[in-house]
Amino acid sequence: MTTKTSYIAQSVKNLKPSGIRKFFDLAANMEGVISLGVGEPDFVTSWTVREAAILSLEQGYTSYTANAGLLELREKIATYMKNGYSVDYDPNTEIIVTVGASQALDISMRAIIDQGDEVIVVEPGFVSYVPLVQLAGGVPVTVETKPENGFKVTAEELEEAITPRTKAVLLCSPNNPTGTVLERENLERLAKVIQKHDLVVFSDEIYSELAYDHHHVSIASLEEMRKRTIVINGFSKGFAMTGWRLGYICAPVEIASSLLKIHQYAMMCASTPAQYAAVEALDKGMDDVMEMKRSYRHRRHYFVDSLNECGLTCHTPGGAFYAFPSIQKTGMSSEEFAEKLLMEEKVAVVPGNVFGKGGEGYVRCSYASSMEQLQEAVKRIKRFVENHS
């Protein structure tokens with residue numbers, strides 16, 4: 001009898017481990033580290049939201065919900081999308097509550113991508129985008145944005161990347177890792193190209209509550225775009241609910257019904273207490289969201305200004321809670337800079353190359369830390385840059 005050398009699927013063998021995790025693991029084993037690497041709020045979930053989850057447990061709401069999620073929650077999401085972003089969705093048929101935005105993105109790709117379909121991925125972009133396209137059988141085609149354009153993809157760059165095999169485009173605004181926000185005029189130009197080639201849009205809007213200088217615009221709200229857009233959002237970032245693992249998808253009924261089939265078999269439904277917590281978050285949690293946003297805006301100004309003063313050129317992010325400074329003046333690669341900064345000054349950042357080739361020469365720094373930690377981190381970074389200039 002012959003024995004297989006490996007039982008692992010080739011598609012998984014070819015996946016690279018997350019570049020972010022490497023630095024988290026290193027930092028976890030060191031004392032006195034200031035971590036600017038973690039992509040989550042430093043706020044805890046609002047007390048009234050936590051209380052709603054506790055109450056749901058006390059009342060015995062521990063069974064499955066409908067596959068698509070609590071209808072009450074879907075209704076709240078529909079109202080939120082209409083009032084906040086001017087897009088109408090039917091809570092009965094066009095909204096699915098998921099286990100985080102990550103699962104939402106995964107099932108969206110699996111529902112749309114056929115073997116060999118090309119998906120345009122804008123980079124620098126979140127580390128899971130390319131692997132998820134590959135796991136769905138697609139071919140990622142990356143478009144590298146430029147710092148002189150504020151890391152905004154242009155209609156011309158998008159047009160150039162499209163081939164007869166292109167089926168979809170993945171956009172993230174506000175962007176992780178650059179903090180770039182695509183404003184209405186940017187989106188309108190992109191939408192013309194997308195409509196011209198009859199493409200689908202995966203629109204990752206998980207940081208939508210954290211747009212600082214302009215109100216967030218969903219590409220689904222633009223004329224003729226709703227029917228071809230899958231909006232992916234959730235409660236992790238804006239509502240400080242990362243550990244609750246709760247996201248949602250908004251999509252036209254034909255697409256949503258196909259997504260629901262995958263969700264039914266893969267996940268059944270999202271956590272019941274988390275869904276009751278999310279109802280409370282949308283009902284009474286917006287004051288806390290605005291307070292977090294004000295705090296992040298203040299930290300953004302301090303941190304970005306400080307990085308520029310250190311000689312690390314950094315554009316002002318329009319949203320999320322990341323700074324993406326250039327480290328090219330040091331002559332180091334992104335990984336070398338991140339490793340040496342961690343070892344010599346005990347400051348953890350994420351090397352930009354893990355977000356795509358266009359991220360080389362940059363590092364991602366989260367300013368979702370206290371002002372005291374940010375101030376100390378700036379001192380250490382400044383000392384490090386001076387020692388290596």
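Which residue in β5 stands opposite Val119? In this predicted model, local features need pLDDT of at least 70, side-chain atom pairs count only at pLDDT 80 or more, and totals for chains, interfaces and linings use all residues. Residues are numbered from 1 along each chain as its sequence is written, and side-chain values use heavy atoms, with hydrogens and water left out.

The residue opposite Val119 is Ala168. Strand β3 (residues 118–123) and strand β5 (residues 166–172) pair in the parallel sense, over four bridges. Pairing here requires at least two bridges between two strands in DSSP. Helices (H or I, at least four residues) and strands (E, at least two) are DSSP runs, numbered from the N terminus.

Both strands belong to an open sheet of seven strands, in the order β2-β8-β7-β6-β5-β3-β4. Its pairing is mixed. Strands β2 (95–98) and β4 (139–144) form the edges, each pairing on one side only. Neighbouring strands of the sheet are turned by 20 degrees against each other on average, direction ignored. Helix α4 (residues 71–85) packs on this sheet. It touches β2, β7 (229–234) and β8 (247–250), where contact means heavy atoms within 4.5 Å. The direction of α4 makes about 115 degrees with that of β2. Axes are lines fitted to C-alpha atoms, for helices over the stretch in contact, and angles run from 0 to 180 degrees between N-to-C directions.

Strand β12 (residues 363–366) is covered on both faces. Val363 and Cys365 lie on one side, Arg364 and Ser366 on the other, and all are buried. Buried means under 20% relative accessible area (1.4 Å probe, protein chains only). Strand β9 (residues 322–323) runs antiparallel to β12 and is joined to it by two bridges. Here Ala323 has Cys365 as its bridge partner. Strand β11 (residues 350–351) also pairs with β12 in the antiparallel sense, over two bridges. In that pairing, Pro351 stands opposite Val363.

The axes of helix α11 (residues 286–309) and helix α13 (residues 371–387) come within 10 Å and cross at roughly 5 degrees. The two helices are therefore roughly parallel (angles under 35 degrees). Among the contact residues are Tyr302 and Phe303 of α11 and Leu374 and Val378 of α13.

The model has zero disulfides, counted as pairs of cysteine sulfur atoms within 2.5 Å. The sulfur of Cys172 is 16 Å from the closest cysteine sulfur, in Cys250, too far for a bond. Cys172 is buried, at 10% relative accessible area. Cys365 is in no disulfide either; the nearest cysteine sulfur, that of Cys314, is 7.5 Å away. Cys365 is buried, at 2%.

Technical notes
Buried means under 20% relative accessible area, exposed over 50%, partly exposed in between (1.4 Å probe, protein chains only). Angles under 35 degrees count as roughly parallel, over 145 as roughly antiparallel, 65 to 115 as roughly perpendicular and the rest as oblique.
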